[in-house]
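Hello,

Here is the structure I promised to hand over. Please open it before you read on.

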Amino acid sequence: MSRNRDVLLFVTLALLWGGSFVAIEVGLDYYPPLLYAAYRFDVAALALLSYVSLSESLRLPRTRGDLAAIGFGGGLSIAANNSLLFVGQQYTTSGIAAVTYSLVPITTAVVAAAWIGGAGLDARGAVGVVLAFLGVGLVARPDPAALADGVAVGVGLIAVGVLAVAVGSVGLRTVETSFSSIALTGWAMLFGGLLVHGFSVGLGETQQLPVVAPQALAALLFLGLFASATAYAIYFTLLDRLGPFQINLVSYVVPVVATVTGAVLLAEPVTPMTVAGFAVIVTGFGLLKRREIAAAAAGVRFPG
C-alpha cells in the first residue's frame with residue numbers, strides 16, 4: 001500500500017512541476033518576469049510558513065547554519081534560479097525550458113564532486129556529462145535562426161539558473177540547521193522572494209498588484225500553492241522515503257509533462273530537435289548514474 005502511495009505522490013509531483021512551466025508561460029502574458037517570479041514565492045512562503053506555524057513551532061533563524069542554509073536555498077536555488085528561469089522562458093516553450101532544466105541532477109553531481117569530493121567522475125561518467133550538455137545544445141539549436149528568435153538565449157539563461165540550483169543544493173549539504181526541511185524551505189522562499197522583488201525594482205520593471213484576470217490568477221495560485229508549496233512538501237516526503245537518486249528521476253518525467261501540456265493547452269510546437277536533445281540528456285544521465293541505476297534495478301522484486 002505504501003508503494004502505491006509513493007507512486008501516486010511521484011506522479012503528482014511530476015504533474016505539478018511539469019505544469020509549472022506552462023503556468024509560467026501563461027503568467028508572462030500578464031506580468032514582468034521577475035515580478036511574476038517574486039509573487040510566486042510570496043504565495044508559496046505564506047502557505048508553507050502558515051503550515052509550519054500550525055504543525056510545529058515556527059521559529060526565527062537562530063544559528064549560522066540556519067542563515068547559511070537560507071542563503072544557499074533562497075539566494076541561489078530560488079532567487080537566482082527562478083529569476084533566470086522566468087526571464088529565459090520568455091524566449092522558449094514550456095517543453096524546451098523543462099528539458100533544459102533536466103540538467104539539474106547531472107550538474108548537481110558534477111558540482112558535488114568538485115566541491116565536497118566523494119565519488120569522482122570516471123571515463124564513462126565524464127562522457128555522460130558531455131552528452132548531457134550536447135543534448136542541451138540540440139535543444140537550444142545554436143544556429144542563426146535560433147539566435148534570431150532568442151531560443152538559444154533563453155536556454156542559456158535557464159542553464160545558468162540550473163548551475164545556481166546545483167551550487168545551492170550542494171551548499172545546503174555543507175551546513176547544519178535547526179529547522180525541519182519544510183520550515184527551511186518556507187524561510188528560503190520568503191528570503192528568495194524578497195530578493196527577486198529587489199531584482200525586479202532594480203531592473204526597472206513596472207510594479208503592479210497581482211492581476212485578477214481568471215487565467216493570470218489561476219496561473220499564479222497554481223505556481224505558488226501547488227507547484228511550489230505542495231510540490232516541495234511532496235518532494236521532501238519522497239526524499240525521506242526513497243532517497244535522492246530515485247526522487248531525482250522526476251527530473252526526467254517533468255519535461256514530458258511540460259511538453260505534452262504545453263502542446264495541448266498552449267499549442268506549443270514540439271520539434272524533433274527537442275525530443276532528440278532530451279533523449280541525449282537522459283542517455284548522459286544513464287552513463288553518469290549507471291551504478292545507482294543497476295543497484296536500483298537489482299532491488300526490484302516482481303510478484304509471481
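Below is what was found in it.

This is a predicted model: local features need pLDDT of at least 70, side-chain atom pairs count only at pLDDT 80 or more, and totals for chains, interfaces and linings use all residues. Residues are numbered from 1 along each chain as its sequence is written, and side-chain values use heavy atoms, with hydrogens and water left out.

Start with the largest nonpolar core, which has 40 residues. (Such a core is a set of buried Ala, Val, Leu, Ile, Met, Phe, Trp, Tyr and Cys residues joined through side-chain atoms within 4.5 Å. Buried means under 20% relative accessible area, exposed over 50%, partly exposed in between, with a 1.4 Å probe and protein chains only.) Leu13 and Tyr36 have the most contacts inside this core. Helix 1 (2–27) is among the helices that each supply at least two of its residues. Helices here are DSSP runs of H or I, at least four residues, numbered from the N terminus. Helix 1 gives the largest share, 10 residues.

Leaving aside neighbours within four places in sequence, Leu13 is in contact with Ala231, Ile234, Tyr235, Ile247 and Val250. Contact means heavy atoms within 4.5 Å. Another core, of 17 residues, lies apart from the largest one; Val52 and Leu184 are among its members.

Now look at Leu84, in helix 3 (residues 64–88). Leu84 counts as partly exposed because its relative accessibility is 22%. Not counting residues up to four places away in sequence, Leu84 touches Leu157, Ile158, Val160 and Gly161.

Last, helix 12: its buried residues include Val254, Pro255 and Gly262. Ala267 follows helix 12 and has a positive phi, near 55 degrees.

Best wishes
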